[in-house]
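Open the model in a viewer and follow the stops below in order.

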Amino acid sequence: MKSIARILCIAVAAGAAVTSVAWSQSAPRNEPIQPLPAVTDVDPAKAKIGKRLFADKRLSADGTVSCQSCHLPNAGGADPRRHSVSAFGKVRELNSPTIFNVRFNTSGLNWTGRTVDLDKQIAGSISNADTMAHSWPKVLEILANDAKMAKDMAAAYGGDNPVSQANASHAIVSFEKSLVTPSRFDDWLRGDDKAISATEMLGYAKFKEYGCVGCHNGVNVGGNAFFKLGLTGDYFAYRAANGRGAAVDVDQGRFLVTKKPEDMNVFRVPTLRNVALTAPYFHDGAVPTLDEAIMLMGRFQLGREIPAQDRKLIEQFLGSLSGKALATAQQ
Ligand code: HEC
Ligand code: HEC
């Protein structure tokens, strides 16, 4: 947990610095969702190397997938396929979560929170049979034999052994930490009344009234707590009845990590930033539309049937959480 605390401190420090410079006239509104701090702790040269590595298929054993194959920049940082495909064509049972704003997930990483920090995540991804199925020594050999990569890593990191696991991981983590996506809603949180529309504002009011904000809150509108999927009903029975799959191991969620009975079907509350761009939804990718995800959250987390017009309003509000740069890139 030490490095999560460290990331948090940096985030808080960055937020404080920004508040005093760029937004000195307007302290953030007093809301259960907080604006994204600006990134001030990433070395651009290192993040640039990380960006190349993130898109480099040579990191997988059979050269078929890069990190980006499952965390797509033009799909909100997530995977539009229900189930991602790993090296050697292995199909995963999980939907890939977004890589955007990942540094602000404070309850650990992955759907279960099983990984403590971004460094550990990468160490695992490279060797995990469900991801790259490779080994660090082989990856480093490939990178060291790539003259441009070896030269750029030497320039950025120096030292006797610039193409090391520590440096390659650091570069990827630097890139990941730079993936922060300020939205119109952040502008509103910082005091710009015109940044979101009247309908989006109504949607935000509904989001609070229904109690969504009880679980989806903080800087990442999630990522900071664990809850059972199906507090007020059986989601998995609904999924099976709709022909979207019987129970599989990964549905056990956090129980797989802690083995505590109370963690059965418990998942990390996901971020809702960019959620309008990251269909399909839930850990199993079994929910194709945002409207249905909102409906199911009402039914299975809050014990409420949310009428269609309220779902529409909430969906509009969630759209205001898409990164502005991403929204422009999509047009
Ligand atoms: C085959 C698809 C696939 C590939 C390739 C892949 N990932 Fe992932 N990634 C996933 C899935 C699925 C999860 C969720 C895993 C879980 O919950 O157990 C995930 C989770 C993550 C997370 C945690 C996100 C969060 O919100 O907690 C990070 C960070 C991440 N991946 C980074 C990477 C990096 C870096 C690489 C390349 C070295 C990579 N991924 C390659 C599918 C993939
Ligand atoms: C009791 C806690 C809780 C409440 C209340 C709650 N959620 Fe969730 N939400 C979760 C959890 C946990 C998940 C992850 C479920 C999974 O992946 O299997 C989730 C997932 C989601 C997702 C899918 C995100 C993705 O990337 O797949 C959306 C959208 C969502 N919630 C919206 C809402 C809305 C809208 C409300 C209010 C109507 C709401 N939630 C209320 C805990 C909650």
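Which protein residue is the single donor to the iron atom of ligand 1? Select His 71: its NE2 atom lies 2.1 Å from that iron atom. Donors are N, O and S atoms within 2.8 Å of the metal (3.2 Å for Na, K and Ca), and water is not among the atoms, so sites may look incomplete. His 71 sits in the loop between helix 2 (44–54) and helix 3 (118–127). Helices (H or I, at least four residues) and strands (E, at least two) are DSSP runs, numbered from the N terminus.

This is a predicted model, in which local features need pLDDT of at least 70 and side-chain atom pairs count only at pLDDT 80 or more, while totals for chains, interfaces and linings use all residues. Residues are numbered from 1 along each chain as its sequence is written, ligands are numbered from 1 in the order in which they are written, and side-chain values use heavy atoms, without hydrogens and water.

Next, select ligand 2. His 216 (NE2) and Met 297 (SD) coordinate its iron atom at 2.1 to 2.3 Å. His 216 is in the loop between helix 8 (198–209) and strand 1 (226–228) and Met 297 is in helix 11 (residues 290–302), so the pair ties together parts 81 residues apart in sequence. His 216 counts as buried at 9% relative accessibility. Buried means under 20% relative accessible area, exposed over 50%, partly exposed in between (1.4 Å probe, protein chains only).

Finally, go to helix 3, where Leu 118, Ile 122, Ser 125 and Ile 126 are buried.
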